[in-house]
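Work through the exercises below with the model open. Try each task before reading its solution.

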Amino acid sequence: MDPVNINLLGLPGLVLLWALALLAWGVFGFRIWQLVGLLRQGRYENRFDQPVRRLGHMIRHVLLQPRIFNERAIGLPHFLIFWGFLVYATCFNWSLVRGLFPFLPVPYPDEVKVVSLFLEVFSVLVLISLAVAVARRLFFAPPHLHLSLDANLILVLIGVLMLSTLFGNGFRIVSEGGHTSAWTPLGSLLAKAFAATPTETAHAWANAMWWLHMIVVLFFLVYLPYSKHLHLLAAPFNVFFSQSATRPVGDLGVLGAKEDLSAGAARWQELTWRQLLGGFSCAECGRCDRACPATASGYPLQPQQLIQKVKEHMIHAGLHGRQGNGAQKLIGEVIAPKEIWACTTCMACMNCCAVWNEQVPLIVSLRRHLVSEGDVERTLQDMLGNLQRYGNSFGKSDRMRAKWTQTSGLKIKDARKEAVEYLWFVGDYASYDPRCEDITKKTAQVFAQAGLDFGLLYEGERNAGNDVRRVGEEGLFEMLRDKNLQALAKAKFQKIVTTDPHTYHTLKNEYPWNGHRPEVQHYTEVLSQLAQAGKLPLNKKLSGRVTYHDPCYLGRYNGVYDAPRHVLHALGLEVIEMPRGRDRSYCCGAGGGRIWMEDTEKIQERPAESRIREAVALAGVQTFVVACPKDIAMFRDAVKTTGCEGKIAVRDLAELVAKATAPPAAGNAATNPQTA
Amino acid sequence: MNLYVLLKMVPDTVEELNVAADGKSLDSEFLRFKLNDPDEHALEQALLLKEKHGGKVTVVTLDAPEVDDVLFTALAKGADRAVKLPVNQAELGTVAAARVLADFLKAEATPLPPDTLVLPGSYAIDDLEGELAPLLATALELPYVGVVCGIAPAEGKATVRKEFAGGLRGEFEVALPAVLGIQSADKPPRYVPVAKVRAAMKSARIETVDVPPPDRPRQLELERTYKPEAAGHAEMLEGSPEEVADRLVEILVKNSAI
Amino acid sequence: MANTILVLAEQLRGEVTDITFEMLGAGRKLAEASGSSLCAVLLGAEAAPLAAKLGAADKVLVADDAPWDLAPADAVAGALEAVMQQTQAGLVLLGCTNVAAGIGSMLAVKTGLPLVNFCRAAKAEGGGVVCTSQLFGGKIYSDVKLADGKGVVCIYPGAFPVDAGKRDQAPPIEKVDLPVAAPKVTFKQYLEPETGDVDITKQNVLVGVGRGIQTQDNVELAEELAQVLGGAVCASRPVIDQGWLPLSRQVGKSGMTVKPRVYFALGISGAPEHWEGMQNSQCIIAVNTDAKAPIFDGAHYGVVGDVLELLPALTEKVKAKKG
Ligand SMILES: Cc1cc2nc3c(=O)[nH]c(=O)nc-3n(C[C@H](O)[C@H](O)[C@H](O)COP(=O)(O)OP(=O)(O)OC[C@H]3O[C@@H](n4cnc5c(N)ncnc54)[C@H](O)[C@@H]3O)c2cc1C
Ligand code: SF4
Ligand code: SF4
């Protein structure tokens with residue numbers, strides 16, 4: 001019995017199936033050709049390096065989807081729907097080919113017992129998953145989940161597919177004489193329910209189900225590339241071509257660019273093809289919006305919207321011919337500069353996106369255009385001017401950079417004059433901010449006590465350029481980078497240690513080094529090694545509970561989570577984690593040059609304030625440990641503005657270490673970190 | 001419009017200024033130069049006028065350290081022509097500098113075309129001998145308005161806004177050509193990215209135009225140059241609120257706040 | 001030294017401005033030290049009634065035949081040149097102000113006299129005058145000698161005491177006729193400061209409040225002081241965040257940069273972000289309960305004490321002083 005052997009409206013089933021299949025695949029193919037055509041208009045970037053590593057990355061993240069499981073409620077259902085889809089897609093094509101070529105000596109998939117069992121089990125799991133997904137949409141929709149008709153329609157279609165399989169099985173059993181089988185448990189169950197149906201009718205129903213299945217799937221095929229479910233097709237490529245597969249995720253450098261990208265993108269064609277592919281891959285799940293500190297604070301930025309806006313603009317302009325005069329401008333009309341400036345480059349969005357979209361480079365490309373147009377707000381402009389002129393954002397003389405050393409009570413080596421093991425790249429805030437001066441001196445003392453052989457570049461150091469680059473001033477980044485590389489080339493050292501995580505990231509991942517990349521470490525890593533080697537003279541045991549804030553550029557950007565915690569444990573402190581810990585750490589709001597920008601509108605709550613409230617809610621925690629000089633400025637301010645003085649104190653990790661390593665004073669054994 | 005912007009380099013006060021061994025001039029060891037602030041506004045105002053009314057912006061400087069960077073920056077921002085007069089600015093007082101610049105402008109065209117605006121900054125932080133704008137206006141026999149914070153040109157004349165005090169401004173009508181000392185442009189000076197300045201350095205050219213050096217470079221002889229007493233820490237006032245208030249009133253009077 | 005010292009009295013919209021009294025005070029001292037007479041020149045269509053206020057001068061010359069106060073700089077310079085010839089004056093004091101901008105330079109060119117700009121101190125010395133000029137935004141002072149006591153000196157506002165130029169006596173007043181040339185610059189109208197909120201960057205006196213002010217009601221105390229001083233209230237970010245004052249009053253890195261003559265930092269700790277916005281004020285007066293507050297490191301005057309106690313007392317004293 002073959003479902004293709006029917007006559008419908010005088011047409012043989014086989015002809016009908018061919019017609020439908022050709023139409024569907026034709027429309028599908030045309031659309032894909034169109035979309036690929038759009039991508040080809042984007043700028044070139046090389047994402048074809050190390051294909052094997054990329055494949056491994058893709059297999060892991062497409063087939064196992066660990067990031068989907070970051071959100072419990074939808075993790076397993078999505079996983080099951082995805083695998084159900086794969087199984088069904090295979091069986092559908094099998095079924096279709098078998099139907100189109102009746103002479104093939106193969107059975108229909110549901111005629112193979114194992115496959116049939118597999119299909120039935122999956123249908124049930126998928127149906128349950130669908131129920132969960134629908135319930136989530138209807139009753140527990142998380143914020144920023146895009147509740148489109150699109151998504152609901154797809155859930156219905158999948159439901160119809162599952163049901164048509166099950167009912168098809170049931171009717172077939174009835175039509176074939178009602179012999180139930182353990183290989184089709186549900187079909188058998190349904191067959192019992194429909195046992196009274198005459199054979200002929202059951203046969204017709206079975207065929208109808210097969211056709212329904214085919215038509216729905218072919219419809220799905222046509223519909224897919226026009227809907228958000230394009231992500232089914234695009235995401236695997238997106239994952240394959242993601243930067244993290246082969247390179248540090250936060251490196252804003254573009255491989256193999258054929259144009260000068262430093263002027264940024266004003267039109268969609270000036271984005272790279274991979275940035276454009278991101279729009280096709282976005283599942284509109286809203287994970288990035290939920291993670292974004294700018295969104296949460298009420299800034300006009302939603303990373304998901306940004307991705308979507310670029311996609312829609314590209315399709316409108318690129319396919320529907322709305323170009324030339326009267327066309328919408330990408331920047332200004334589609335995306336407002338306010339949106340573009342609100343990002344702290346905290347990487348929270350990219351870190352949770354299950355299709356590995358890359359929002360930060362996209363945002364920076366747009367910023368570069370604004371900068372090249374001179375469309376930069378006053379305060380930021382002042383900072384950039386300062387950095388051009390003095391190499392620091394404080395607008396102080398470059399000769400004052402190492403002024404703190406004069407009162408540090410130490411004689412610190414000049415790495416330009418004598419060889420050192422560690423070159424300490426101090427960074428702007430630790431060098432110039434009066435609030436950090438004491439901490440910087442203490443860090444130096446701790447290094448000295450631990451016998452670390454270290455030195456500075458003194459006034460030869462410049463801002464490393466991390467924030468400058470993220471603000472979109474690529475030329476200035478290059479200028480600072482080159483000056484630093486020149487100074488570093490003249491110094492003698494083996495490794496670099498930095499105070500600032502932003503500096504750390506840039507030196508480690510974005511400086512070219514021409515093949516002589518030294519090891520770059522954050523001071524928390526160095527302290528952790530010193531502690532492990534027993535070189536930190538821990539004269540005092542500290543006690544009490546503290547919480548630790550993972551800086552974005554140390555944690556999410558570079559995966560350093562354990563070193564600072566090791567140090568705190570070594571000091572005798574108990575580290576209580578905040579709910580948003582480690583890779584979910586909540587940005588302080590300073591990154592990406594935000595620390596230099598004005599708040600021109602009232603916002604709901606600064607990110608740093610939200611973070612301080614989070615920490616204050618932890619039982620027994622009165623110390624908020626940070627490992628970034630900018631965090632000192634941000635969080636000490638937030639403690640004041642949230643009225644949490646007296647409840648929590650912001651301390652740099654180095655301060656606590658200095659307290660524990662201070663030469664023993666008479667008496668007190670255990671000390672509270674609060675009273676440093 | 002025919003727009004001349006006169007740019008002057010002044011010592012950067014972010015760097016520590018020290019007095020040289022002669023007790024009169026500045027110690028050159030740590031001295032760095034930057035563009036005088038109001039001049040930056042003059043350039044911006046010229047660029048805004050050009051964008052709105054068309055024309056050509058020429059930036060003119062005397063020779064000074066770091067001046068090439070400033071000229072290339074001006075070109076990157078949109079100036080059409082950069083001219084350097086090879087006379088060492090450091091040796092000239094304002095009076096002599098005005099004479100040199102006037103000679104240059106006269107050589108450009110005499111009389112200057114009627115749509116010409118000469119735009120120096122309103123003042124400079126080292127204008128010991130007076131401001132450039134009025135001196136230049138006198139030398140060129142052109143009308144002058146100082147402390148200008150807005151310009152609207154029309155046929156053969158311009159309506160300009162002059163800043164008085166406390167936000168009060170006056171509107172004046174000036175016959176063109178004229179010399180206007182610019183205090184602030186209609187918009188804050190634009191940012192020009194490093195990449196554009198670098199591109200200008202590669203593609204654009206700085207013109208050098210010879211002018212006769214002035215016979216008397218300086219009008220004033222300095223007796224002595226020195227640093228004012230540094231405050232270091234606040235002078236602390238003690239006593240009851242009334243006593244402190246009395247002292248504060250004296251201080252307010254001394255600082256002309258009452 | 002010259003026998004007569006001229007002061008170009010300055011007025012704005014019918015009010016004699018402070019700089020005039022500063023110049024009269026400075027001129028008075030020089031005149032006494034050198035045995036010269038001090039003569040004020042008052043220009044303007046409605047200037048005559050103001051002459052009576054210039055009692056510190058030995059004589060006031062008034063020209064009210066034309067709206068001289070709004071005449072272009074070259075016309076005023078021409079008029080002054082004529083007065084100098086009539087009075088045999090060799091030393092002229094002008095304000096280093098926006099109102100008088102350019103007059104000094106033009107007068108110097110016309111008369112061939114040297115000009116000393118940004119003068120913040122002047123003393124007679126052996127027949128000449130030694131002027132102290134503040135250059136480079138006040139970072140460096142230079143002394144310049146006018147050997148024969150002749151020259152044009154522009155007086156830096158706020159450098160000389162206003163009080164010294166006020167005398168309760170009516171000066172002799174003399175009308176002068178001055179040459180009026182057809183001006184190439186004509187005054188059209190005044191443009192009032194934009195209404196809406198005050199522009200704190202344009203104030204002479206700012207009363208800055210920080211978290212030490214404690215409540216919104218207390219901001220009122222600062223408001224009163226600002227009012228009697230003719231200034232405005234501004235604040236550190238936390239105060240703005242509380243919504244006690246509008247965003248346009250924020251001073252600092254993410255707010256405005258201000259340079260008033262006097263800046264009060266009341267209950268402001270002096271965080272770098274705030275300091276950045278007000279460090280160039282001419283005189284900073286800090287009031288803080290914490291003797292170790294960083295603001296005291298940079299302020300000119302400091303008071304360790306409760307701002308809530310000091311404010312009412314100070315407002316009263318200022319009112320009393322102003323009469
Ligand atoms: C990126 C960034 C940008 C910022 N931008 C700005 C900005 O533009 N402007 C700005 O101001 N801040 C800014 N800040 C905030 C800044 O870091 C400080 O937090 C803020 O300036 C502190 O304000 P404050 O001095 O009023 O408060 P506090 O630092 O809390 O100081 C209050 C002071 O009042 C004193 N005091 C308390 N009671 C009394 C009393 N009764 N009498 C007298 N004194 C009393 C206390 O001793 C204390 O010194 C910014 C911070 C960041 C991180
Ligand atoms: S990097 Fe951070 S701030 Fe920027 S869009 Fe992503 S989540 Fe938002
Ligand atoms: S960009 Fe990624 S995280 Fe954001 S909505 Fe799209 S798929 Fe989800």
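**Exercise 1. The area between two chains**

How much area is buried between chain C and chain A, and what percentage of it do carbon and sulfur atoms give?

Solution. The model is a predicted one. Start with the total: about 1300 Å² is buried between chain C and chain A. Carbon and sulfur atoms account for 40% of that area. Next, look at the chain C side. R211(C), R237(C) and K253(C) lose the most area to chain A there. Together they make up 36% of what that side buries. Finally, count residues: 15 of chain C are in contact with 21 of chain A.

**Exercise 2. Polar and charged pairs**

Solution. Take the salt bridges: the count is three. One pairs E645(A) with R211(C). Their closest N and O atoms are 2.6 Å apart, and a salt bridge requires such atoms within 4 Å. R211(C) is also among the residues of chain C that lose the most area to chain A.

Now the polar contacts: six residue pairs qualify, both residues being at pLDDT 80 or more. Turn to the helices. α5 (237-241) and α6 (272-278) of chain C each supply at least two residues to the side that touches chain A. The most comes from α5(C), with four residues. By type, this side of chain C holds five nonpolar, four polar and six charged residues.

**Exercise 3. Domains of chain C**

Which domains make up chain C, and how many Å separate their C-alpha centres?

Solution. Domain 1 of chain C covers 4-175, and domain 2 covers 200-322. Their C-alpha centres lie 34 Å apart.

**Exercise 4. The shell of ligand 3**

Sort the residues around ligand 3 by type.

Solution. List the surroundings first. They include C282(A), C285(A), C288(A) and C353(A), along with E284(A) and R287(A). Then sort the whole shell: six nonpolar, four polar and two charged.

**Exercise 5. Backbone exceptions**

Solution. Recall the background: most residues other than glycine have a negative phi, and most peptide bonds are trans. The bond from T110(B) to P111(B) is cis, with omega near -5 degrees. P111(B) sits in the loop between α3 (94-108) and β6 (116-120) of chain B. L176(B) and P177(B) are also joined by a cis bond, omega about -5 degrees. P177(B) falls in the loop between β9 (168-175) and β10 (178-182) of chain B. In chain A, M347(A) has a positive phi, near 75 degrees. M347(A) belongs to the loop between α13 (337-341) and α14 (348-352) of chain A.

How values were computed. Residues are numbered from 1 along each chain as its sequence is written. Chains are lettered from A and ligands numbered from 1 in the order in which they are written. This is a predicted model: local features need pLDDT of at least 70, side-chain atom pairs count only at pLDDT 80 or more; totals for chains, interfaces and linings use all residues. Side-chain values use heavy atoms; hydrogens and water are left out. Contact means heavy atoms within 4.5 Å. Buried area is the accessible area (1.4 Å probe) that two parts lose on being put together, summed over both. A salt bridge is a side-chain nitrogen of Lys or Arg within 4 Å of a carboxyl oxygen of Asp or Glu. A polar contact is a pair of N or O atoms within 3.5 Å; within protein, one must be able to donate a hydrogen and the other to accept it, and residues adjacent in sequence count only if both atoms are side-chain atoms. Ala, Val, Leu, Ile, Met, Phe, Trp, Tyr, Cys and Pro count as nonpolar, Asp, Glu, Lys and Arg as charged, and the others, Gly among them, as polar. Domain bounds come from an automatic or database domain assignment. A residue is near a molecule or strand if one of its heavy atoms lies within 4 Å of it.
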